[in-house]
Amino acid sequence: MTKTASLRLEGLCRRIGERAILDGINLEVAAGECLALLGPSGCGKSTVLRVIAGLDPCDEGRILLDGRDITHRPPARRRVAMVFQSYALYPHLSVERNLTLGMELRGVPPEQREQELAAVLELLQLGGLRRRRPAQLSGGQRQRVALARALLRKPQLMLLDEPMSNLDAQLREELRPQLRAILSGGRAPAIHVTHDQQEAMGIADRIAVLHDGRLQQCGTPRELYHHPANLFVAGFIGRPQINLLPQDDGTVVGIRPEHLVAVDSGGVPVRVRSREWHGASQQLLLESAQGPLRWTCDGNQEIGEELRLGWEPRHEHRFREASGERLGSPGRHA
Amino acid sequence: MRGGTRTALVALLLLWSLGPMLWQLYTSLRTPEALLAGAGGLAGGWTLANYGAVLGGDPPFWRYLLNSTVVGALSTLLTLALAIPCAYALSRRRGLLRLLVGGGLLAAAVFPYVLLFLALLQVARQLGLANSLLALCLPYAGLQLPLAVLLLQAAFAELPPELEESAVLEGFSLWQRLRWILLPLMGPAVVSTGLLVFLFSWNEFPIALTWISRSELLTLAPAMARIAGSSVYTVPYGAFAAATVLGSVPLLALLLLFQRQIVAGLTQGAIKG
């Protein structure tokens with residue numbers, strides 16, 4: 001019944017007064033694909049969702065859903081479903097009414113309503129909760145109800161605004177594969193906004209990194225990790241943060257903490273400043289002539305007093321210091 | 001000791017607010033002779049004659065109660081019907097317009113309406129609105145509208161915007177959003193605003209006095225003033241007190257009925273829901 005659709009954003013701009021919240025965003029999300037919008041808070045990622053949904057006006061550019069221009073269509077007619085960060089469940093209605101009210105008002109016949117409700121309750125394991133009020137649900141249950149309500153909209157596009165940020169870390173980890181399964185099970189494209197790169201990497205097929213209202217890079221998690229397009233992406237993707245070593249020729253060399261290796265001769269002499277041991281791995285903060293260095297190594301690695309670190313040239317990233325853009329050919333990973 | 005002080009304070013507060021009402025109740029049940037005799041004997045002098053006199057008058061007292069109820073209910077409905085859309089629109093506005101409209105409404109709400117009643121009387125004469133209960137609803141609704149809009153728009157503004165946005169994306173129309181999402185959540189605010197309007201029209205005196213002259217159309221306040229001033233030589237304390245008691249019974253019933261909503265409405269925003 002739902003035709004597969006793809007979403008295309010062309011030069012999307014949104015301004016408040018003089019300030020550009022979004023500055024020429026171009027993006028494409030294929031049918032059935034899940035794209036994560038990743039960026040620090042205040043980068044405009046939630047605004048992208050709101051503009052696509054029609055909740056915020058679009059000052060310039062076009063939004064194409066399935067080839068049709070929906071830029072100026074009223075939000076109710078876009079067939080876009082959104083899961084809000086607060087879930088926005090109707091607090092005065094039971095889970096069941098939360099899910100069926102929309103169908104009822106859209107004129108879905110009762111038998112079909114009952115059928116679809118049963119299907120979605122089953123899919124999201126909400127069967128036992130149908131008579132409860134939102135206030136009587138846990139965070140994870142509320143999130144599932146919000147997701148169920150969005151699915152019942154039969155959307156041509158699914159938008160999720162930080163759906164995990166109200167959950168504790170353990171629950172988030174448990175729910176991630178579930179969410180991924182549900183999102184990739186649908187044929188509608190999905191956009192998932194988050195500031196948590198682990199969540200983005202765990203759920204999304206591709207990640208678009210946003211900063212100051214501009215799109216920095218869009219690609220698979222591997223592309224972003226191995227070929228960051230600029231200093232911002234390099235610093236934002238990967239934990240602990242990449243080591244950035246300014247050079248004399250106006251370039252910056254980036255080397256990920258996990259790509260540093262202890263060497264016997266050559267390399268950079270360092271001194272240990274602090275050490276965190278995590279079992280399988282350990283994080284070290286080191287002092288070197290070129291500034292502080294972060295190093296991630298095996299938990300069994302012996303750390304001596306005198307230490308020299310080096311790295312393979314293929315792991316090296318080079319950026320122009322002034323503009324931040326990437327220089328030269330990237331490594332061999334694709 | 002602290003518990004004892006607290007109980008005493010609460011008792012004092014209750015006495016302070018309930019005292020006049022209890023006194024009226026006492027007065028209404030006493031014969032005129034017993035009232036004048038002072039605290040002499042509580043054993044005798046009790047009577048229901050005051051109620052008999054008030055209820056058996058011409059027109060009977062229940063007629064005034066009915067008039068006031070009709071005027072109060074219609075004024076309340078009219079006010080809410082106008083104030084809810086206004087308040088919604090105002091709460092969805094930002095910036096200067098909202099500030100100006102809000103300021104204007106506040107000024108109108110605190111304006112002493114007694115200063116208007118002569119002008120309103122002229123309006124009633126010109127438009128032939130005198131001696132009509134329905135027409136009385138117009139000034140009542142008009143005078144209470146600013147306050148009602150202010151109260152309701154604060155309640156609208158307190159609802160999280162995502163609730164409505166979520167309904168918008170689900171395809172709800174404006175009316176459907178109000179009917180199914182916003183108004184049910186604003187129940188306490190709507191009830192307490194409605195009660196304020198009802199109270200106002202129940203107690204209103206100068207406009208009712210000047211617009212209505214036919215005795216069978218009088219509302220409670222001017223009717224009671226007539227009872228008090230019915231004789232040049234004596235003040236019928238007993239009958240007056242009986243009328244007061246009868247006039248406050250419907251209000252007490254309303255308050256008891258909506259007690260929960262009123263308390264919820266008054267404390268709205270105090271804690272996150």
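Begin with chain A, where the domain assignment gives domain 1 (7-226) and domain 2 (243-320). This is a predicted model. Select the C-alpha atoms of each of these domains in turn: the centres of domain 1 and domain 2 of chain A are separated by 39 Å.

Next, display the largest nonpolar core, which comprises 142 residues. A:Met82, A:Leu159, A:Ala208 and B:Leu152 are the members with the most contacts inside this core. Returning to chain A, one finds that domain 1 (7-226) and domain 2 (243-320) each provide at least three residues of the core.

Centre the view on A:Leu159. Leaving aside residues up to four places away in sequence, A:Leu159 touches A:Leu49, A:Ile52, A:Ala53, A:Val80, A:Ala81, A:Met82 and A:Ile191.

Proceed to the contact between the chains. Here 16 residues of chain B meet 18 residues of chain A. On the side of chain B that touches chain A, helix H8 (161-169) and helix H9 (174-185) each supply at least two residues. H8(B) gives the most to that side, with six residues. Coloured by residue class, this side of chain B shows nine nonpolar, four polar and three charged residues.

Finally, select helix H12 (residues 220-228) of chain B. Which residues of this helix are buried? They are B:Leu220, B:Pro222, B:Ala223 and B:Met224.

Conventions. Residues numbered from 1 in each chain as written. Chains lettered and ligands numbered in written order. Predicted model: local features only at pLDDT ≥ 70, side-chain atom pairs only at ≥ 80, totals over all residues. Core = buried A, V, L, I, M, F, W, Y, C linked by C-beta atoms within 7 Å. Buried ≥ 20, exposed ≤ 12 C-beta atoms within 10 Å, placed from the backbone. Domains from an automatic or database assignment. Contact = placed C-beta atoms within 7 Å. Helix = DSSP H or I, 4+ residues; strand = E, 2+ residues; numbered from the N terminus. Nonpolar A, V, L, I, M, F, W, Y, C, P; charged D, E, K, R; others polar.
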